[in-house]
Amino acid sequence: MTETAPVTPNYDEAVVKKFYVATVLWALVGMLVGVTIALQLAWWPANMDNPYTTFGRLRPLHTNAMVFAFAGNAVFTAIYYSMQRLLKVRMWSDFLSNFHFWGWQLIIVAAAVSLPLGFTQGKEYAELIWPIDIAIAVVWVGFAVNFFATIAIRKVAHLYVAIWFYMSMVITITFLHVVNNLAIPATFTRSYPVFAGMTDGLVQWWYGHNAVGFLLTTPFLGLMYYFFPRAAERPIYSYRLSIIHFWGLVFLYIWAGPHHLLYSGLPDWIQTTGMVFSIMLLAPSWGGMLNGLLTLRGAWDKLRTDPVLKFYVVGVSFYGMSTFEGPMMSIRAVNGLSHFTNWVVGHVHSGTLGWNGMMAFGMLYWLAPRLWGRKLHNEGWATTHFWMATMGIVLYIVSMWAGGLTEGLMWRAVDDGGLLSYPNFLDVVHQLDPFYWTRFAGGLLYLSGAVLMTVNLSLTITGSKRSASAAVSAK
Amino acid sequence: MADHTQEKGHRWLEGKAALFAILATVVAGIGGAVEIIPLMTISGPEAMEEVTPYTPLEVAGRDIYLREGCYVCHSQMVRPFRSETLRYGPWSRAGEYAYDRPFQLGSRRIGPDLHRVGGKYPDAWHYEHMQDPRATSPGSVMPPYHWLHKRKVDPADIQASVRALRTAGTPYADADIAGVPEALAEQGVGIVSRLKDAGIDAKPDDEIIALIAYLQRLGVDGRAAIKNAEARQ
């Protein structure tokens, strides 16, 4: 990164601020729904005895809100802020930037209304009905045009590594979304996929796994490559490692989808291919983790005082942890135990709460003073938020590991006579109660931390403490 | 801009944005193409002649299954483990899902797997279970779905579903589509009369009737196909 522009370019900060505020708002909404459905598993009357708030309808609302609304808006905040600076040029089209912003928020509102009403495609992470899917495609293409046109008019010759990762998202999400949502409409709210049975399942998990790969991983790595070195005021550890792990990740990720369908009717060679590539995925994933963590080489002392770096270090560490756990869970023998259990839920949340959440929080704290020219209202609160979030994640994933192992082992337990030890499924259900309550507490703690952040950021933005770093942000 | 003509390798590529984007597209596209395309062409699931498309009432029931998000808590995939075949029945074959649009294998078992639930309980059990899950399954954490007992299935709506399913590739004949209202009524009346024997008053167009029809169909064709295949050996 060379940031020595003699003249301050006229960057579009307004769109960055909009995505920033949207990120914070949707984080609260999505997490609140998450805590609600966590309570429903511990205490079923929390389903509230009406069609609109049952677990079956709210769980898709939670996942869509966290992935597309929270993580999506966080990624767009990162992209609009960093790519203008990395390319030293304003976004190509203000119209498209705003079209992207308002279009995306409208899609989220449509999701928040349609999912509780029971309008769904019935495919995990692709529940949204076909008219919304078309809207997503249109908005996404508008974003992509703006993205590539901005690259085309850049004032910097080389594309920095963060841009590579953003680019892989823009491209890959396009074809994943289009192919997985190919469907024949029956009515305005209902459609049936062109693929059937196991083929539909394979396409769905090719999409589902890579939505994780290219919405929750690669753009967040781009975020890491821009914001982590800036917050640490150190260059990234290794340029060469960034090349290897970028291409490794982009190539290998796509193959890993079938690990969601181990022991299904899918042909064995596809299952095995999915498993083998999942294990190989460990290498580029840890390449990214090491490149992030080693950026702090010689500057680890900053961790003591800087809450932003605390979020980044723990975020990247959780990335490393969950990208170790994932390959392990895709080994057939392990998957036989972990699949269908809470272990999977714990795994997903060590990635989303640990990696995506912490990286986004770090970025939000770092950006507020720079976007609004105000000093962070209270650094101590940010540190408190960090500890609340970290403790929340630990409670969450430890309880889900324990719960997952409990049910996995009880389901398969067979007595000396060769019969099931727990033949009634309900024998297992209430063994999970303490784990569900612990998970609820962990989620509530994580949400409370996010509320504290929101208060802190709101007071920062509306406050009067001028920031010395306001001048820095112009660069 | 400086002269970059001397640059080699990746540094050179980083200056060629279009080429970079094309390469990234190809590299990210390979895996999916290699895994998915053969499944559609040369390596697809073997057809099972016993497995036939869902009836209109079952389609209506499946729509309800999707709407209520049943797949969020129930899988439809019995794995080839002794513990699973003991609990649920024969493990699930690929060909059994031939007419499942979308597939409903699920990813989480908060409740039990449902792929072999067809025929496991009487119709009345399902009727009571959806009304109050704890009446049939003490300790269940499932919410009640009593609105299914009041809401009605709209034949025109299901006709649209069957028509779209045919466009997608499910082999329904013209007569099947034209006969949706009659087929709905006929199968519904059968279930209603079985419920009556158990002392339950229901109407053939209640949503719960459609859901029962779908649940009672689950895994039944597959069971027959597996039995016949074993007999042939």
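R57(A) and E68(B) join their side chains in a salt bridge across the two chains, with N and O 2.9 Å apart. The model is a predicted one.

Within chain B, R67(B) pairs with E68(B), and their closest N and O atoms lie 3.0 Å apart. Are these two residues of chain B buried or exposed? R67(B) counts as buried because its relative accessibility, 16%, is under the 20% cut-off. E68(B) is buried too, with a relative accessible area of 2%.

**The contact between chain B and chain A**

How many salt bridges are there between chain B and chain A? The count is four. Polar contacts between the two chains involve 32 residue pairs, with both residues at pLDDT 80 or more. On the side of chain B that touches chain A, α1 (9-13), α2 (17-41), α3 (56-67), α4 (82-88) and α7 (155-168) each supply at least two residues. The largest share comes from α2(B), with 18 residues. By class, this side of chain B has 44 nonpolar, 22 polar and 17 charged residues.

The contact draws 83 residues from chain B and 94 residues from chain A. Interface size is often given as the accessible area lost when the parts come together. Here the area buried between chain B and chain A is about 7,600 Å². Carbon and sulfur atoms give 67% of that area.

**Salt bridges within the chains**

Over all chains, a search of the whole structure finds 25 salt bridges. The table lists some pairs that lie within one chain.

| Pair | Closest N and O atoms |
|---|---|
| E124(A) and R59(A) | 3.1 Å |
| D268(A) and R332(A) | 3.7 Å |
| R67(B) and E68(B) | 3.0 Å |

E124(A) and R59(A) form a salt bridge that links distant parts of chain A, 65 residues apart. E124(A) sits in the loop between α3 (94-114) and α4 (130-152) of chain A, and R59(A) is in helix α2 (residues 55-87). E124(A) is buried, at 7% relative accessibility. R59(A) is buried as well, at 15%.

D268(A) and R332(A) form another salt bridge. This pair also links distant parts of chain A, 64 residues apart. D268(A) lies in helix α9 (residues 268-280), and R332(A) lies in helix α12 (residues 332-338). D268(A) has 54% relative accessibility, so it counts as exposed, the cut-off being over 50%.

**Backbone exceptions**

Most residues other than glycine have a negative phi, and most peptide bonds are trans.

The peptide bond from R101(B) to P102(B) is cis, with omega near -10°. P102(B) is in the loop between α4 and α5 (123-131) of chain B.

K88(A) is not a glycine, yet its phi is positive, at about 55°. Where is K88(A)? The residue is in the loop between α2 and α3 of chain A. K88(A) is buried, with 15% relative accessibility.

Y263(A), also a residue other than glycine, has a positive phi near 65°. Y263(A) is in the loop between α8 (239-253) and α9 of chain A.

Technical notes:
Residues numbered from 1 in each chain as written. Chains lettered and ligands numbered in written order. Predicted model: local features only at pLDDT ≥ 70, side-chain atom pairs only at ≥ 80, totals over all residues. Heavy atoms only, no water. Contact = heavy atoms within 4.5 Å. Buried area = accessible area lost by both parts, 1.4 Å probe. Polar contact = N/O pair within 3.5 Å; in protein donor to acceptor, adjacent residues only side chain to side chain. Helix = DSSP H or I, 4+ residues; strand = E, 2+ residues; numbered from the N terminus. Nonpolar A, V, L, I, M, F, W, Y, C, P; charged D, E, K, R; others polar. Buried < 20%, exposed > 50% of the residue type's maximum accessible area, 1.4 Å probe, protein only.
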